[in-house]
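Here is a short report for a reader meeting this structure for the first time. Look at the sequence and the model, then read on.

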Amino acid sequence: MHDGARVGVESDLDALWAAVPCPTLLLDREGIVRALSGSAESLLPGALQGARIDESVDWLWRAHDRLVHVAPDAVERDASVASGSVGGRKFDAHAAMLPSGEVAWSLVEDTGQLLRDAQEALAREQERAAILLETSSVLTASLNVDRCREATVQMAARHLADAAALVAPTGRGRRLPVFYSGAAGVVEQSSVDADPAEVAGLSEALHGFPPVSSGWIDPVTVPDWLVPHHFSGPVGSVMILALPGHGVSAGALVLLRRADRPVYSADDELFAGLFAARAGAALSAARLYAEQAAITRTLMRDLLPPPLHGLHGIEFAGGYRASKDYEVVGGDFYDFHPAARPEDETLVVLGDVCGKGLEAAVMTGKIRNTLQALTPLAQDHEGVLTLLNRAMLSSDHTRFATLVLASVAHRDGQVTLRLTCAGHPPPLIVRDNGQVEEADTKGTLVGALERITVQSFETSLAPGETCLLYTDGITEARGGPFGDDFFGEQRLAASLTGCAGMPAEAVVERVLMLATQWVGQRVHDDIAVVAITAPQRTHLSAVDGHTRGRYVA
């Protein structure tokens, strides 16, 4: 064969070797590589043409030597299969005897093992995804910080460790709040006087820095105060993780494994980091909620109606219900400015600000603060309302309000009343015979016009009689059989006819109960009610040999 033909043949052989789909090697009887495919060159970089195969793949050399020198016949040789690993992957090597005496070995990867490994990895990831989903569900179910911490250590001990401890951030001082849990799920809480800087990685975690590798932490150095009392066996592996919050660390999570368990791997640390991220987010949300709730309670304290009680021989009672169940305050309000002496006048204010919800409640707070400052002028109702009107007109808002002022005093055995309405429904007076009267007072809205005009009304209450102040949330409550009828002034007056002689609290409770029954589950406006009652006093006297009670002032 001339040179050109030989070059052509070799070129064709090279093309064929490059096209072989699986890694294939051609070995002579002595195990020297005579040829190999391109895929074999990539898989076995040490298997060079002209070199012995035992220098790169010893298990394949042993199989080749056994096949060439030990196998008794060609049938067995043609069916020979060997198995081994290359680069951490398992292969089956299939031999084919050639007429020249050389052997072609084709390496086929064990896909069954790959499939099993993939299935195990998938199951592991599914389990971890379920754990993270459960973590998010459990930790976000409560916005209480301590309960969230307890749930964190419980789940960490169950899924990530044999025991877990959560070290919470400290305020002032060195005492560290620590929560412990073992695999049984029992949570213990303690306050420890310790320095976190003495534990490798703990101080950094409490400040939100990335965690150090668990391999850098010597289990022997873990102090006793970080190990739960019920932890069995020596500590064999430790992981300390930061619980990242919204710009502020939510604490540090310490995971402990016993010495008879495998140490934490890089994969374990990655998963624990995902757990810690979710726990930190939940803890931060709980902390922010607690802070906001505390701020809200502080701000709401001055917006809530004050508790009413008896004073100087007069009964006072009030009731309030916001328009929505989830709202605490609204546009209706009442206030109470007690007199220092029995002969002085106690000022009761009941009002209704235009609008509902928090914005209306803020305006009620401004009105109440203004009236508090004007209390020394309360003898002049018109003057107080005029000053309040000016204050509301000068502020940056468009809301107005209706008000009723009641000045109450106990004089000469009777309760005297001075009532003034400003755009508000007039109070109702329940006499001792059950008759209901409407106070003859009226006036213009506050905060709507440059000038207001009012008409006051004076009366007195005999023992057992009551004056009821109310907002239109009562009379305009829609309900009844068809769900669209107003409760109305007439129905309210009729309900009060049976309230003669009742204590103030009972009158308020009856009015609120009837209004609630009328409305049912329907939406209603804010409701505020105040009852001012001249109390009855029972004296005992003998009449015809029997003891009988009678009411006297």
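How many helices and strands does the protein have? There are 13 helices and 25 strands. Helices (H or I, at least four residues) and strands (E, at least two) are DSSP runs, numbered from the N terminus.

## Model and confidence

This is a predicted model, in which local features need pLDDT of at least 70 and side-chain atom pairs count only at pLDDT 80 or more, while totals for chains, interfaces and linings use all residues. Residues are numbered from 1 along each chain as its sequence is written, and side-chain values use heavy atoms, with hydrogens and water left out.

The term pLDDT is the predictor's confidence in each residue, from 0 to 100. Its mean over the protein is 84. A value of 70 or more is reached by 88% of the residues. Over residues 5-9 the pLDDT stays under 50, and the model has two contacts for them beyond four places in sequence. Contact means heavy atoms within 4.5 Å. Residues 538-553 also have pLDDT below 50. That stretch has 21 contacts in the model beyond near neighbours in sequence.

## The whole protein

The protein has 553 residues, and 44% of them are buried. Buried means under 20% relative accessible area, exposed over 50%, and partly exposed in between (1.4 Å probe, protein chains only).

Take the contacts between residues at least 6 apart in sequence: 60% join residues at least 24 apart.

## A five-stranded sheet

Five strands form an open, antiparallel sheet in the order E2-E1-E5-E4-E3. Two strands pair if DSSP finds at least two bridges between them. Strand E2 (33-36) and strand E3 (81-86) are the edges, and each pairs on one side only. On average, neighbouring strands of this sheet are turned by 30° against each other, direction ignored. Axes are lines fitted to C-alpha atoms, for helices over the stretch in contact, and angles run from 0 to 180 degrees between N-to-C directions.

Helix H3 (residues 58-69) packs on the sheet. It touches strand E1 (24-27), E3, E4 and E5, and its direction makes about 140° with that of E5. Strands E4 (residues 89-97) and E5 (residues 103-109) run antiparallel, joined by seven bridges. Asp92 has Val108 in E5 as its bridge partner.

## Strand E14 and its partners

Strand E14 (residues 401-411) is mostly covered, with nine of its eleven residues buried. Eight bridges pair E14 with strand E13 (residues 346-353) in the antiparallel sense. Here Val349 has Leu405 in E14 as its bridge partner.

E14 also pairs with strand E15 (residues 414-422), antiparallel, over nine bridges. Val408 stands opposite Leu417 in E15. The hairpin of E14 and E15 has two residues between the strands, and Asp412 takes a positive phi near 55° there.

## Two buried residues

Thr135 lies in helix H5 (residues 111-139). It counts as buried because its relative accessibility is 0%. Beyond residues up to four places away in sequence, Thr135 touches Met155, Phe275 and Arg278.

Leu160 lies in the loop between helix H6 (145-159) and strand E6 (163-167). Its relative accessibility is 7%, so Leu160 counts as buried. Leaving aside neighbours within four places in sequence, its contacts include Met155, Tyr264 and Phe275. The C-alpha atoms of Leu160 and Leu256 are 8.7 Å apart, although 96 residues separate them along the chain.
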